[in-house]
Amino acid sequence: MDITYDNVPTIPEQTVLEGILLLHDSIFGDAYDLAEKINKRQKLLFTLAYDHDSVIGYKIGYPCDEKKFYSWLGGVNANYRNMGIASALMDHQHVYLREKGYGRVQTKTMNRWRSMLLLNIKTGFDITDTYLDSQGD
């Protein structure tokens, strides 16, 4: 296994974007919805994990303002989980953001994504609010 990481401060080239969308669909089941949302956003940062040329993990986020960044979406291929890839993606994203002058990173997650919730807590995120959506989640 040859895992590499990259930060891409624009929408990635088509083959990489397709890899992200396929991975996102395998995890969340809504790649079409994500593609539409990506096309509507400005100033996206893609933090990517590759095994050779295949996208095996991603984090996508965007600036809220000059000092605060929102880490929006992310996931790791099921075959690569529990290998520290999500942690490494977060580290790569946060190093890049510090270098760009951001002082805060904000995110949201759901109880059903407990591994992401635990990773956020382990890396220093504070829970500042909870809420129920219209489906009671």
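1. His52 counts as exposed, with 55% relative accessibility, where exposed means over 50% relative accessible area, buried under 20%, and partly exposed in between, computed with a 1.4 Å probe on protein chains only. This residue is found in the loop between E2 and E3, and His52 has a positive phi of about 60° although it is not a glycine. Helices (H or I, at least four residues) and strands (E, at least two) are DSSP runs numbered from the N terminus.

2. A word on the basis of these remarks: this is a predicted model, in which local features need pLDDT of at least 70 and side-chain atom pairs count only at pLDDT 80 or more, while totals for chains, interfaces and linings use all residues. Residues are numbered from 1 along each chain as its sequence is written, and side-chain values use heavy atoms, with hydrogens and water left out.

3. Asn82 is found in the loop between E4 and H3, and its relative accessible area of 84% makes Asn82 exposed.

4. Helix H1 covers residues 14-28; H1 has 15 residues and reaches 20 Å from its first C-alpha to its last, close to the 21 Å expected at 1.5 Å a residue, the expected span being 1.5 Å times one less than the number of residues. The buried residues of H1 are Val16, Leu17, Gly19, Ile20, Leu21, Leu23, His24 and Ile27, and they pack against helix H2 (31-40), E2, E3 and E4. Just after H1, Gly29 takes a positive phi of about 75°.

5. Within H1, His24 is buried, with a relative accessible area of 3%. Not counting residues up to four places away in sequence, His24 touches Gly29, Asp30, Ala31, Leu34, Tyr58 and Leu73, contact meaning heavy atoms within 4.5 Å.

6. How do the axes of H1 and H2 cross? They come within 8 Å and cross at roughly 135°, with axes taken as lines fitted to C-alpha atoms, for helices over the stretch in contact, and angles running from 0 to 180 degrees between N-to-C directions. That makes H1 oblique to H2, because angles under 35 degrees count as roughly parallel, over 145 as roughly antiparallel, 65 to 115 as roughly perpendicular and the rest as oblique. The crossing of H1 and H2 is right-handed, a term used if the near helix is turned clockwise from the far one by less than a right angle, and left-handed if anticlockwise.

7. At this crossing, Leu17, Leu21, His24 and Asp25 in H1 meet Ala31, Leu34, Ala35 and Ile38 in H2. By class, the contact of H1 with H2 has six nonpolar, one polar and one charged residues; here Ala, Val, Leu, Ile, Met, Phe, Trp, Tyr, Cys and Pro count as nonpolar, Asp, Glu, Lys and Arg as charged, and the others, Gly among them, as polar.

8. Asp33 has its place in helix H2 and is partly exposed, with a relative accessible area of 29%. The C-alpha atoms of Asp33 and Leu21 are separated by 9.7 Å, the two residues being twelve apart along the chain.

9. Helix H3 (residues 85-99) has 15 residues and reaches 21 Å from its first C-alpha to its last, close to the 21 Å expected at 1.5 Å a residue. Its buried residues are Ile85, Ala88, Leu89, Met90, Gln93, His94, Tyr96 and Leu97, and these pack against strands E1 (3-8), E2 (45-51), E3 (54-63), E4 (68-76) and E5 (104-107) and against helix H4 (114-122). Just after H3, Gly101 takes a positive phi of about 95°.

10. The axes of H3 and H4 come within 11 Å and cross at roughly 50°, which makes H3 oblique to H4. H3 passes H4 in a right-handed crossing, where Ala86, Ser87 and Met90 in H3 meet Met116, Leu119 and Asn120 in H4. The residues of this contact of H3 with H4 divide into four nonpolar, two polar and no charged.
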